[in-house]
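This report goes through one protein model part by part. Please keep the sequence and the 3D view open while reading.

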Amino acid sequence: MKAKELVIATALILTIGALLSSCQVVEPNQGNVSKKTSIEEFVMKAVAAKKEVKLALKADRAGDTLTVTVTLDNPNLKPITSVQSWLSFDPSKLQGKAIDTKSSAFGLMAPYTNTFDNVNGLVMLGRANPEPVAEKITQVAVLTFDVVKDGTTTLDAYDYQDDLSGHTSANVMEGGKPFNVLQKPDSPLLIVE
């Protein structure tokens, strides 16, 4: 097993273990509770964390420079603590140049260094904040690409999952546990002419 697969498997086992340890067990006919949180409460918290947030991209092109603003549309003001917005692009048409987070509502880089993988066509962007961000429109970052070949191209959300196992999410804390409240992004997320 490769090191990356081993790390992922370990993380999944720890996550499943944590979820199972929060379940409540009631002994039949006695009503004795052996854990703090019931399955019903866990489901209620998950329902409370409905997917109401959208990832949005806006592009501006000036010559051979493409600027893409990454935002979250959060109409119900969910208190978002972190966001991962990995994006895929065609590296034969675009090359990542800069990630600007000066105007981001999320002041911390998390979980990894924000960077481009220009070989595989990925933007690896993760941001967090000590205090939850609850704004209708929240800027995450401004990306700058060099256009290396003209023609229509797309940017897409990379590895979206309903839960926290993917690389595209907007997360809130409910009962001390994180939940992804990001709706599945449209595909493609952005078409660039």
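Aspartate 159 sits in the loop between strand 11 and strand 12. Strands (E, at least two residues) and helices (H or I, at least four) are DSSP runs, numbered from the N terminus. Although aspartate 159 is not a glycine, its phi is positive, at about 60°.

Leucine 77 also has a positive phi, near 55°, and is a residue other than glycine. Its place is the loop between strand 2 and strand 3. With a relative accessible area of 40%, leucine 77 is partly exposed. Most residues other than glycine have a negative phi, and most peptide bonds are trans.

## About the model

The model is predicted: local features need pLDDT of at least 70, side-chain atom pairs count only at pLDDT 80 or more, and totals for chains, interfaces and linings use all residues. Residues are numbered from 1 along each chain as its sequence is written, and side-chain values use heavy atoms, with hydrogens and water left out.

## The chain as a whole

The protein chain has 2 helices and 14 strands. It has 193 residues, of which 36% count as buried. Among the contacts in the chain with a separation of 6 or more, 67% are between residues 24 or more positions apart; a contact means heavy atoms within 4.5 Å.

## A cis peptide bond

Which kind of peptide bond joins serine 187 and proline 188? The bond is cis, with omega about 0°. Proline 188 lies in the loop between strand 13 (177-180) and strand 14.

## The nonpolar core

A nonpolar core is a set of buried Ala, Val, Leu, Ile, Met, Phe, Trp, Tyr and Cys residues joined through side-chain atoms within 4.5 Å. The largest one has 33 residues, and Leu72, Leu87, Leu143, Phe145 and Leu155 have the most contacts inside it. At least two residues of this core come from each of several strands, including strand 1 (54-62), strand 2 (65-73), strand 10 (137-147) and strand 12 (168-174). Strand 10 gives the most, with 5 residues.

## Glutamine 95

Glutamine 95 lies in strand 5 and is partly exposed, because its relative accessible area is 22%. Not counting residues up to four places away in sequence, glutamine 95 touches Phe89, Asn118, Thr144, Phe145, Asp146 and Val148. The C-alpha atoms of glutamine 95 and aspartate 146 are 5.2 Å apart, while 51 residues separate the two along the chain.

The side chain of glutamine 95 has a polar atom 2.8 Å from the backbone oxygen of proline 91. A polar atom of this side chain also lies 3.4 Å from the backbone oxygen of asparagine 118. A polar contact is a pair of N or O atoms within 3.5 Å; within protein, one must be able to donate a hydrogen and the other to accept it, and residues adjacent in sequence count only if both atoms are side-chain atoms.

Is serine 104 buried or exposed? Serine 104 counts as buried because its relative accessibility is 13%. It is found in the loop between strand 5 (94-100) and strand 6 (108-109). The side chain of serine 104 reaches two backbone atoms: the nitrogen of phenylalanine 106 at 3.0 Å and the oxygen of glutamine 139 at 3.5 Å. Apart from neighbours within four places in sequence, serine 104 is in contact with Arg127, Gln139 and Val140.

Glycine 63, in the loop between strand 1 and strand 2, counts as exposed at 52% relative accessibility. The C-alpha atoms of glycine 63 and aspartate 146 are separated by 9.3 Å, and the two residues are 83 residues apart along the chain.

Terms used. Buried < 20%, exposed > 50% of the residue type's maximum accessible area, 1.4 Å probe, protein only.
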